[in-house]
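Visitor: I'd like a close look at the aromatic rings in this structure. Could you walk me through how they pair up?

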Amino acid sequence: MPAEPVAPPAVTQDEAGGRTARRVVTVLALAAVLPALYLPNLRHDYYDQKIYMSAMDWWAAGHPLYDYVQPDRVQGELYFTYPPLAALLLAPFAYLRLGVAIATFAALTVAAVVVTTRWLVLPVLRRHDLPRGFGLTVAVLLVLAVESTRETLTLGQINMLLVVLILADLLFAVPQGRRWAGVGVGLAAALKLFPGIFVLYLVATRRWRAAAVATATAAVATLLAAAVAPGDSWRFWTHELWSTDRVGRTDYTGNQSLFGLLSRLAPSAEPGRLPWLLLALAVAGFGLWRAARAARAGDALAGLTLTGLVGGLVSPITWIHHLYWFVPAVVVLVDAALDADPATPAGARRRGGLLALAAGVGLPIVYGLVTFQDWGTAIVHTDDPVDFVVRNLYVLLSLLLLAVLPIRRHLDDTSKNSD
């Protein structure tokens, strides 16, 4: 006769109480660390948002939008660099008191962190039958601790709002074949140039309709902005778009792109464009090839994560606050590690290796590359191996993840069922 199934041992009240206490202590400990991580970032004093608001006042007074300039001790002269559509959306904030505008940006960013973290983590918690409330709370606190989030909040950046558009599109609308798939990516690309890499991802994955919708959305939004501000639009798309010097020094350590890496090696802090272009094309080709493989395997999260890492590498300027894409990379690594069977030697090795890699990415992005460092205002080149690794750490981590980020198979059904 078959053996009777053995019921799992009952959890006593004392054991449940102890588990709850440990979870509460964990959450409180993580929350207590956040102020220490944010304190050095407060020196930013919402600098970027203040530039936005001052540029909107300048524009409202009748001056050309892209003539606005503000001096900076590290970067030299900083200008308003967003496309005209972003300026039109920012313009109403000029009528708010600065404190209200800052609070609004911060609240929207924190809400975006909560929403996107839920989208990323909830499917993992469900698949592995992990506690959802506790897991989501810990995950949100960890994402708030990451340097890119801290920089976004304390500079007053809009990056997390773009992430909401991109993830909503690529995690839900595109895998589910929605008619509006591509709209989120298109709007994000019209508001800021970086998300344009995700249009290439849609092409690489042969999502032709979504790619067309994204392109059309970006074009229509850009044309609408041009109808409202024709002169500024013409100037941006024909001239200012190509002027990388408008956003600061490319050799500054905070620029974690391939161009930034080469700038820190070049004698004049201005590398040759041809070597950079060839390197960027090679990295983009490899990264988008792996992203397309992930999409074909049904792993939408790995696909968009690889694409985000590609975008950070090939953009001439990639500031720390642009590098959200390490967050989903860590989620993919942890999920793949939990999938490995620890009962077999190979599975145990795989789990240990993936968890070690997740920690190797997670710890640096929490401590940060610029938060606790003062890289100075002068051009300083990377002239020894340790200096090279430290000052280009996010670039090197991005390249590593392009090569080794695991692709999980047949996850489309899970993404469809996520809410």
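Guide: Searching the whole structure turns up 15 aromatic pairs, where a pair means rings of Phe, Tyr and Trp (its six-membered ring) with centres within 6.5 Å. Keep in mind that this is a predicted model: local features need pLDDT of at least 70, side-chain atom pairs count only at pLDDT 80 or more, and totals for chains, interfaces and linings use all residues. Residues are numbered from 1 along each chain as its sequence is written, and side-chain values use heavy atoms, with hydrogens and water left out.

Let's start with tryptophan 119 and phenylalanine 172. Their ring centres sit 5.3 Å apart with the planes at 75 degrees, so this pair is edge-to-face (planes over 60 degrees apart; under 30 is stacked and the rest are tilted). Tryptophan 119 belongs to helix α4 (residues 98-127) and phenylalanine 172 to helix α7 (residues 159-173), so the pair ties together parts 53 residues apart in sequence. Helices here are DSSP runs (H or I, at least four residues), numbered from the N terminus. Tryptophan 119 is buried, at 17% relative accessible area, and phenylalanine 172 is buried too, at 13%. Buried means under 20%, exposed over 50%, and partly exposed in between, using a 1.4 Å probe and protein chains only.

Now hop over to tyrosine 324 and tryptophan 325. Here the ring centres are 5.3 Å apart and the planes at 85 degrees, so that pair is edge-to-face. Tyrosine 324 and tryptophan 325 are both buried.

Finally, there's a cluster: ring pairs link Tyr52, Tyr66, Phe80, Tyr82, Phe236 and Trp237.

How values were computed
Helices (H or I, at least four residues) and strands (E, at least two) are DSSP runs, numbered from the N terminus.
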